[in-house]
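Colleague: Hi! Could you walk me through this one before I set anything up?

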Amino acid sequence: MAEGFASVACFSITTLLVVSLANLILLIMMILESRKKCTVDSDVTDSAFRFGALQAEDKFSSLIHKNNIPSANSNFMAALVLLKGTSMTLICGTTIISKFWVVTTGHCCELIRIYPFEKLKLASNSENWRKGKKHSVENLVQHINFTAKSSSFNVCLVKAGSPFKEEHEKPIALSGSNYRYITDTSAITFGWSSNKGVVSNHVYSIDMNLISFQRCKTLIKTDRVDETMVCAYNIDRGDCRFDSGGPLIQNNILIGIVSFETDCAKRAPPRVFTRMSYFEKWFQVIEKQNGITIGAVFQN
């Protein structure tokens with residue numbers, strides 16, 4: 001009889017252990033699945049937006065500097081933002097190029113592809129991106145040859161769901177295929193930069209000097225610079241946040257958009273921009289293939 005009770009007790013304990021182990025495994029699986037879902041649906045860190053699509057060493061110089069002041073001539077700017085509950089996170093800068101379209105970099109579009117369009121907005125009509133008019137995002141058209149590894153063909157079009165028509169929403173012309181990029185001429189770049197890691201609410205600008213293709217390759221010491229890019233230099237450096245996708249303007253024409261630079265902590269490396277004149281024919285191809293009218297204006 002005692003042996004029978006012992007067997008039953010042993011069986012009961014074993015059963016309890018098996019059931020408890022099964023429940024523990026089930027609980028762990030539920031936690032992991034929950035974490036996975038949260039990773040997809042929840043807010044992500046700002047650092048993921050800053051550098052997620054680029055190689056680890058690539059950063060962006062800040063436009064904020066002791067000599068810089070907020071820009072009042074940035075009507076062509078629109079901020080690409082992600083809705084985070086009742087708040088917003090700045091992803092990249094963009095430039096208004098027509099009634100419904102803005103242009104930014106390919107890596108900026110890479111960062112937002114995992115999110116539904118209803119979580120994305122284009123904020124414009126204000127130098128303060130938090131207070132800008134919010135346009136829905138309707139479509140993305142990224143260059144098919146773009147790769148984050150090389151940063152070549154680093155361009156993407158974003159279509160707004162409503163037209164840019166307010167007082168401070170003014171499209172800007174783009175450099176055409178015959179535009180001359182002259183060494184040592186000045187240009188201006190714009191962006192919502194950060195100061196000590198805190199993103200600025202206001203657009204900042206800084207003067208840049210265009211440099212030659214060969215000098216750029218020598219200073220950056222990489223083969224990543226190619227004919228789809230243009231380089232510019234300014235000795236004033238600061239923090240490295242949130243300038244990505246912003247415009248480079250010369251003669252009231254968009255001639256480049258912020259692509260990358262290899263080490264913003266040092267003064268020697270220049271900033272590399274996507275060369276807009278290289279992509280005039282690409283715009284035409286996109287319009288023909290998709291049966292759409294982008295409406296961008298190119299000037300030489």
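**Salt bridges and strands**

Modeller: Happy to. Let's start with Lys-133, which counts as partly exposed at 28% relative accessibility (partly exposed lies between buried, under 20% relative accessible area, and exposed, over 50%, with a 1.4 Å probe and protein chains only). This is a predicted model, where local features need pLDDT of at least 70, side-chain atom pairs count only at pLDDT 80 or more, and totals for chains, interfaces and linings use all residues. Residues are numbered from 1 along each chain as its sequence is written, and side-chain values use heavy atoms, leaving out hydrogens and water.

Colleague: Good to know. Which residue forms a salt bridge with Lys-133?

Modeller: That's Glu-166, with the closest N and O atoms 3.2 Å apart. A salt bridge here is a side-chain nitrogen of Lys or Arg within 4 Å of a carboxyl oxygen of Asp or Glu.

Colleague: And where do Lys-133 and Glu-166 lie?

Modeller: Lys-133 lies in strand β5 (residues 133–142), while Glu-166 is in the loop between β6 (156–160) and β7 (173–175), so the pair ties together parts that are 33 residues apart in sequence. Strands are DSSP runs (E, at least two residues), numbered from the N terminus. Glu-166 is partly exposed too, at 29% relative accessibility.

Colleague: How many salt bridges does a search of the whole structure find?

Modeller: Three. Another one joins Glu-138 to Lys-159, and its closest N and O atoms are 3.2 Å apart. Glu-138 lies in strand β5 and Lys-159 in strand β6, so this pair ties together parts that are 21 residues apart in sequence.

Colleague: Are Glu-138 and Lys-159 buried or exposed, or in between?

Modeller: In between: Glu-138 is partly exposed at 42% relative accessibility, and Lys-159 is partly exposed at 23%.

Colleague: What about Arg-113, which residue is its salt-bridge partner?

Modeller: Glu-110, with the closest N and O atoms 3.8 Å apart. Arg-113 is partly exposed, with a relative accessible area of 44%, and Glu-110 is partly exposed as well, at 35%.

Colleague: Switching topic, which strands make up the closed barrel?

Modeller: Six strands, in the order β1-β2-β3-β6-β5-β4, with antiparallel pairing. The twist averages 45° from one strand to the next (axes are lines fitted to C-alpha atoms, and angles run from 0 to 180 degrees between N-to-C directions).

Colleague: How many bridges are there between β1 and β2?

Modeller: Eight, with strand β1 (residues 77–84) and strand β2 (residues 87–96) pairing in the antiparallel sense. Two strands pair if DSSP finds at least two bridges between them. As one example, the bridge partner of Ala-78 in β2 is Thr-94.

Colleague: Now β11. Is that strand largely enclosed or open?

Modeller: Largely enclosed by the rest of the structure, because six of the eight residues of strand β11 (residues 204–211) are buried.

Colleague: Which strands pair with β11?

Modeller: Strand β8 (residues 186–191) runs antiparallel to β11 and is joined to it by six bridges. Among the facing residues, Gly-191 has Tyr-204 as its bridge partner in β11, and Ile-188 stands opposite Asp-207. Strand β12 (residues 229–233) also pairs with β11 in the antiparallel sense, over three bridges, with Leu-210 opposite Ala-232 in β12.

Colleague: And how many bridges join β8 to β13?

Modeller: Two, and β8 and strand β13 (residues 247–250) run antiparallel. In β13, Leu-248 is the bridge partner of Thr-189.

How values were computed. Helices (H or I, at least four residues) and strands (E, at least two) are DSSP runs, numbered from the N terminus.
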